[in-house]
Amino acid sequence: KEAHEIFGDTVPYAAETIDPRLAEWLGVRQSATVSEVLGYLGQLAERPAEEVSATLVQRIYTFLMERWRADDSSGSREDRGQFAQRPMIRVEHPTAKWVLRDDAIWANRSDVFGDDFAYLELNYPARLHDFFVDQLSVKADADDELYARAWLKQQEEEDPDPKKVEALLER
């Protein structure tokens, strides 16, 4: 059931329930591995975000959260690093897109940063907070580094938004 929720009809399944020992002997797996699910997420992330179901991606993140809670090995830390190297976090608001870990914040700070960052609390239920913040190292809230990045970006703009400049200066 778990694999079908994630992979849908993209992989073959046993038509009938089979004994676990027989399945093992035949080489039929009962569930997906983290590597397979990450590979599938990587394939999805190559497609335009609006073509990929937000519900499917949320199920994948939930699967990864549960597996990584049980496994803090160097392999799982390596797997998590993929989110910093490839845009594999899907956001819906304000527009559907894939972003890198470092371009996301859990807390909604759009009043200060506008659309410079993706705000995950607008896109995901609170139960995934720990997945993004603790497991993927997404910033829980804006910190000095993010304010500095936003300030530098404002300096590069020809006609900066006065409200945004004021919000950044208030920090």
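**Notebook: Arg90 and its surroundings**

I looked up the side chain of Arg90 and found that one of its polar atoms lies 2.9 Å from the backbone oxygen of Ala49. I note that the model is a predicted one.

I then located Arg90 in the fold. The residue sits in strand β1, which spans residues 89–91.

Is Arg90 buried or exposed? I recorded a relative accessible area of 4% for Arg90; the residue is therefore buried, since the cut-off for that class is under 20%.

I listed the contacts of Arg90, leaving aside residues up to four places away in sequence. The partners include Ala49, Glu50, Val52, Ala54 and Val57. Also among them are Tyr61, Ala96, Lys97, Trp98 and Tyr124.

Which residues make the nonpolar surface patch of about 440 Å²? I found Leu22, Trp25, Leu26 and Val28 there. I placed Val28 in the loop between α2 (20–26) and α3 (34–45). Val28 has 36% relative accessibility and so counts as partly exposed, because that class lies between 20% and 50%.

Finally I reviewed the whole protein. I counted nine helices and four strands, arranged along the sequence as α-α-α-α-α-β-β-β-α-β-α-α-α. Of the 171 residues, 38% are buried. Among contacts with a separation of 6 or more, 60% join residues 24 or more positions apart. The protein exposes about 10300 Å², and carbon and sulfur atoms supply 48% of that area.

Technical notes: Residues are numbered from 1 along each chain as its sequence is written. This is a predicted model: local features need pLDDT of at least 70, side-chain atom pairs count only at pLDDT 80 or more; totals for chains, interfaces and linings use all residues. Side-chain values use heavy atoms; hydrogens and water are left out. Helices (H or I, at least four residues) and strands (E, at least two) are DSSP runs, numbered from the N terminus. Buried means under 20% relative accessible area, exposed over 50%, partly exposed in between (1.4 Å probe, protein chains only). A polar contact is a pair of N or O atoms within 3.5 Å; within protein, one must be able to donate a hydrogen and the other to accept it, and residues adjacent in sequence count only if both atoms are side-chain atoms. Contact means heavy atoms within 4.5 Å. Patches are made of residues with over 30% relative accessible area and no salt bridge: like charges are joined within 9 Å, nonpolar side chains (Val, Leu, Ile, Met, Phe, Trp, Tyr) within 5 Å. Accessible areas come from the Shrake-Rupley method with a 1.4 Å probe; for residues, only the protein chains shown count as cover. A salt bridge is a side-chain nitrogen of Lys or Arg within 4 Å of a carboxyl oxygen of Asp or Glu.
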